[in-house]
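The following exercises are to be worked through with the sequence and the coordinates at hand. Each task is followed by a solution in steps.

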Amino acid sequence: MSESFATYESEFQLSIQEAQSKISQINSVDAEQRKHYLKTIEGLNEESRELLDQMNIEVSNIPSNQRSSYNSKIRQYKSQLDEAQTTYNTLLDTQDKYELFGNKNYANGAESDQRKQLLSNNSSLERSSQRIFDSQRVALETENIGSNILNDLRSQREQISNSRNTLSQADNYIDKSIQTLKVMSRRLTANKFISYGIIAVLILLIFLVLYSKFS
């Protein structure tokens with residue numbers, strides 16, 4: 001899970017850094033390039049926002065006790081993105097006023113700009129599609145993990161149930177063994193007294209025989 005977050009994080013940093021770089025350079029370019037820079041910044045901000053959303057999705061799948069550091073990073077990145085978006089809005093307002101009150105020299109590069117914008121939009125769309133695919137993959141992996149956990153729990157429950165049955169049978173066997181030992185003990189005691197009785201009778205007979213012989 002953290003590897004996917006790190007990938008989105010790296011892409012976000014590249015995207016936001018490129019947007020910040022374009023913002024810092026925009027005042028040093030001509031009117032045609034300025035318009036192209038604004039479109040590029042807009043695309044980069046949108047891409048950064050999508051990456052930030054993906055990071056939020058990844059964090060939601062991380063155990064709650066591990067989210068603190070990730071949430072801190074996301075807040076920091078959101079602040080950077082908000083700052084870049086605010087600067088972009090200001091530059092866009094300035095550009096609108098510039099185009100409204102004069103200098104129509106943008107027409108010369110309009111076709112080229114549109115082609116570049118289409119290419120940029122297509123690239124952003126491909127990246128967005130890939131991130132959607134990654135999100136679906138994460139969801140499927142999460143579902144599979146949940147299914148495996150449920151299967152393991154069912155198996156463990158069956159094992160516990162079988163163990164209980166085995167213990168119950170063992171208890172029954174132990175009870176029967178105890179009863180058998182008690183019966184055997186009583187029989188041994190009875191046999192012992194019978195043996196003592198027989199010995200006493202034999203001794204008595206011996207004395208009677210001797211007495212009758214010498215009397």
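**Exercise 1: A nonpolar surface patch**

Task: Identify which residues form a nonpolar patch on the surface, and state the accessible area that they have together.

Solution. The model is a predicted one. Its nonpolar surface patch consists of Phe193, Tyr196, Ile199, Ile203, Ile206, Phe207, Leu210 and Phe214, which together have about 910 Å² of accessible area. Take Ile203 as one of these residues. Ile203 lies in helix H4, which spans residues 110–214. Its relative accessibility is 41%. Buried requires a value under 20% and exposed a value over 50%; Ile203 is therefore classed as partly exposed.

**Exercise 2: The record and the model**

Task: State where UniProt places the feature "transmembrane region", and describe the chain over those residues.

Solution. The unreviewed UniProt entry assigns this feature to residues 193–212. In the model, residues 193–212 are 100% helix and 0% strand.

**Exercise 3: The overall fold**

Task: Determine how many helices and strands the chain has, and how much of the chain is buried.

Solution. Begin with the secondary structure: the chain has 4 helices and 0 strands, and the order of elements from the N terminus is α-α-α-α. Next, consider burial: 22% of the 215 residues count as buried. The accessible surface of the chain amounts to about 15,600 Å², and carbon and sulfur atoms account for 55% of that surface. Finally, examine the contacts between residues at least 6 apart in sequence: 78% of them join residues at least 24 apart.

**Exercise 4: The largest nonpolar core**

Task: Name the residues that touch the most other members of the largest nonpolar core, and the elements that give two or more residues to the core.

Solution. The core comprises 22 residues, and those touching the most other members are Phe5, Phe12, Ile26, Leu52, Met55 and Ile74. Two or more residues come from each of helix H1 (2–25), helix H2 (31–60) and helix H3 (68–100). For Leu52, leave aside residues up to four places away in sequence; Leu52 then touches Phe12, Ile74, Tyr77, Lys78 and Leu81.

**Exercise 5: Asn56**

Solution. Asn56 belongs to helix H2. Because its relative accessibility is 37%, Asn56 counts as partly exposed. Asn56 and Ile74 are 18 residues apart along the chain, and their C-alpha atoms are 7.5 Å apart.

Key: Residues are numbered from 1 along each chain as its sequence is written. This is a predicted model: local features need pLDDT of at least 70, side-chain atom pairs count only at pLDDT 80 or more; totals for chains, interfaces and linings use all residues. Side-chain values use heavy atoms; hydrogens and water are left out. Patches are made of residues with over 30% relative accessible area and no salt bridge: like charges are joined within 9 Å, nonpolar side chains (Val, Leu, Ile, Met, Phe, Trp, Tyr) within 5 Å. Accessible areas come from the Shrake-Rupley method with a 1.4 Å probe; for residues, only the protein chains shown count as cover. A salt bridge is a side-chain nitrogen of Lys or Arg within 4 Å of a carboxyl oxygen of Asp or Glu. Buried means under 20% relative accessible area, exposed over 50%, partly exposed in between (1.4 Å probe, protein chains only). A nonpolar core is a set of buried Ala, Val, Leu, Ile, Met, Phe, Trp, Tyr and Cys residues joined through side-chain atoms within 4.5 Å. Contact means heavy atoms within 4.5 Å. UniProt positions are given in the numbering used here, feature names are shortened, and annotations may be inferred rather than shown by experiment.
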